[in-house]
Every structure is written in structure tokens, then in C-alpha cells.
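Please look over the sequence and the model before reading on. The paragraphs below move from single residues to the chain as a whole.

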Amino acid sequence: MTQVDDEKPAPSAAPCERLPEEEEEIKEFHFHVYFFQNNEENRKSAEELREKILKLVDKGFFHIVPLWRINQQPIGPHTIGSYEVWAPKEHFSRAYSWFLLHRGVHSVLIHPLTREARRDHHERAAWLGTPVPLDLSQLPVFTIELPLQYPELKLGYSAPNE
């Protein structure tokens, strides 16, 4: 179809803006390990798994950071007991393969860390084991701040630009 000089093209959708350089790829992830907090055997198994993770980190097997808090009750979007492990992209493959081999009976949610927490926990998430229902209403749709974790390690979003 040809355009007549005095016709204006139809308005297009908002221009596609380029993401800031630090967001052109996902650079940090969470692994959430779930357990039934009222089931003594299941809770103990999750705690033992966490102890194995801490020992591997101490030995330098991979550079991940298990957050120190174990959520003995539902918190945020997590509807049963859980704890999380942070993994920068530099160690994602090793962390993922370790969880594949060692998670035991526990379901593990793997999600990226971006400015869109709700999408990260749902559309961009992967599960090892049976998915656990999440309460996504507890998560922001978008946050202005990039979710930097452990910048002192200089990994993930805090890694020096190559």
C-alpha cells in the first residue's frame, strides 16, 4: 500500500526501549527449598540439606550464599516452610546440577532476580520436584531498584564489566 504525502502513518505502540546494559541478561538467581514445617521428618531433611550446602560453600565448592533465615512458617509468596539460596550466574550451572542430584524429596523453585519479582516467581520460574502454590499477590509487579544481592562478592549484577 502506498502512502499519500498528506497522510500520516498510523501511530505505533510505544517505542521499544533498550534495557540498561546491566539488564541485558539475568545475572542472579534464587533457589527456594521447600518443606512441610509441621512434618518433623520433612523439616529435618530440609535442614540437613541446608547443612550440606553450607559445608560445600565453606569448602569453596561453589560460590552461592544460603540466606541464614529458615522460614519455619509461610512468608511472602511462600505458602509453606522454606529457605533460599542465592546463586550468581557465574555459579548457576554448578548450583543447578547440585540441586538436581541432591534435593531429595524437596521441591525447589528456581527463579531469576530482576525488577519484576512477580514474573520472576511465576512466568520465569522453573521447578525441581512438585511445584508449591505461591501467593503472587505478595510480590511487587515492578521495582525501580535492581535487586543487587551481596555486591561485596563482585558477582552477578555486581561483577565488573568485561
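**Charged side chains and the overall fold**

Glu123 counts as exposed, at 53% relative accessibility, where exposed means over 50% relative accessible area, buried under 20% and partly exposed in between, with a 1.4 Å probe and protein chains only. This is a predicted model, in which local features need pLDDT of at least 70 and side-chain atom pairs count only at pLDDT 80 or more, while totals for chains, interfaces and linings use all residues. Residues are numbered from 1 along each chain as its sequence is written, and side-chain values use heavy atoms, with hydrogens and water left out.

Glu123 forms a salt bridge with Arg119, their closest N and O atoms being 3.1 Å apart; the term stands for a side-chain nitrogen of Lys or Arg within 4 Å of a carboxyl oxygen of Asp or Glu. Arg119 also forms a salt bridge with Glu116, at 3.5 Å between the closest N and O atoms. Arg119 is partly exposed at 35% relative accessibility, as is Glu116 at 23%. A network of salt bridges links Glu116, Arg119, Asp120, Glu123 and Arg124, and the whole structure holds 8 salt bridges.

Another salt bridge joins the side chains of Glu40 and Arg43 at 2.4 Å, N to O. Both residues lie in helix α1 (residues 40–58), 3 residues apart, about one turn of the helix, and Arg43 is buried, with a relative accessible area of 17%.

The protein chain has 3 helices and 5 strands, taken as DSSP runs numbered from the N terminus, with at least four residues of H or I for a helix and at least two of E for a strand. From the N terminus, their order is β-α-β-β-α-β-α-β.
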